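Hi everyone, thanks for making time this morning. Let's look at a structure together, beginning with the ligand and then moving on to the sheet.

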Amino acid sequence: MLIEKYDLDVFTPSCEPGAERFSAIARLTIDISDVLPYLNATLRGAVYLQEANALTWTKSGHKIAFQSYEIATSNVKDRDAAIKELDGLVKLVNRTWERRAEITPDFEAHQRPTPLAVYKLLPHTNCKQCGEPTCYTFALKLIAGQKNLADCPPLFTPEYADQLAILQGIIIEAPAIG
Ligand code: SF4
């Protein structure tokens with residue numbers, strides 16, 4: 001196990017006095033820099049800065065940052081949710097580290113795909129089978145990790161095979177946290 005213990009700090013950002021959203025930081029006793037290229041290879045929309053030993057990722061509207069000795073999350077609804085999320089992120093790091101022999105590390109700093117670029121590859125029928133009112137809303141949630149490609153059944157018909165192949169190349173399905 002890479003991370004065996006950490007100190008937890010949960011707080012309301014000082015720039016937002018009275019805010020009802022919480023931030024939390026897990027302060028680590030070991031350096032997790034070596035796992036960052038493996039997270040970069042597996043987390044959808046992650047942005048890795050090798051020189052800074054930092055990787056940022058947005059999941060379900062939460063901004064998450066992995067650094068050498070720290071994992072931080074923000075915009076969480078309450079203290080308990082922040083604690084639970086950080087615990088899940090620590091487990092994600094440990095799982096990724098344990099699976100590193102199966103993952104090709106990625107040292108590139110990728111640009112996130114834009115919503116418009118993803119939207120252009122969707123069927124444009126606004127059929128709502130994904131539970132969203134429009135394909136564009138689905139594109140936004142896909143990039144944010146709140147939806148998966150499998151949530152759009154029309155994409156898996158022969159008509160959209162080419163678009164699906166491209167989307168599978170630019171969208172990495174989000175792993176479960178926790
Ligand atoms: S299921 Fe696919 S085609 Fe239908 S609205 Fe959602 S994204 Fe668009």
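The ligand sits in the largest cavity, and here "sits" says that more than half of its atoms lie within 2 Å of the cavity's grid points. A cavity is a set of points, on a 1 Å grid over the protein atoms alone, where a 1.4 Å probe fits but cannot get out. Please keep in mind that this is a predicted model, where local features need pLDDT of at least 70, side-chain atom pairs count only at pLDDT 80 or more, and totals for chains, interfaces and linings use all residues. Residues are numbered from 1 along each chain as its sequence is written, and side-chain values use heavy atoms, leaving out hydrogens and water.

How big is the largest cavity? Its volume is about 80 Å³, counted as the space filled by probe spheres set on the points. Its lining, meaning residues with an atom within 4 Å of a point, includes Leu122, Glu132 and Thr134.

Around the ligand (a heavy atom within 4 Å) we find, among others, Cys127, Cys130, Cys135 and Cys152. By class, that shell has seven nonpolar, three polar and one charged residues, with Cys and Pro counting as nonpolar and Lys as charged.

Now the sheet: six strands (DSSP E runs of at least two residues) form an open, antiparallel sheet ordered β1-β2-β6-β5-β4-β3, where pairing takes at least two DSSP bridges. β1 (6-11) and β3 (47-49) are at the edges with a single partner strand each, so one side of each has no neighbour in the sheet. β1 pairs with β2 (residues 22-28) over six bridges, and phenylalanine 11 stands opposite serine 23 in β2.

Technical notes:
1 Å grid on protein atoms, 1.4 Å probe; cavity = no way out; pocket = protein on both sides within 12 Å on 5 of 7 lines; lining within 4 Å. Helix = DSSP H or I, 4+ residues; strand = E, 2+ residues; numbered from the N terminus.
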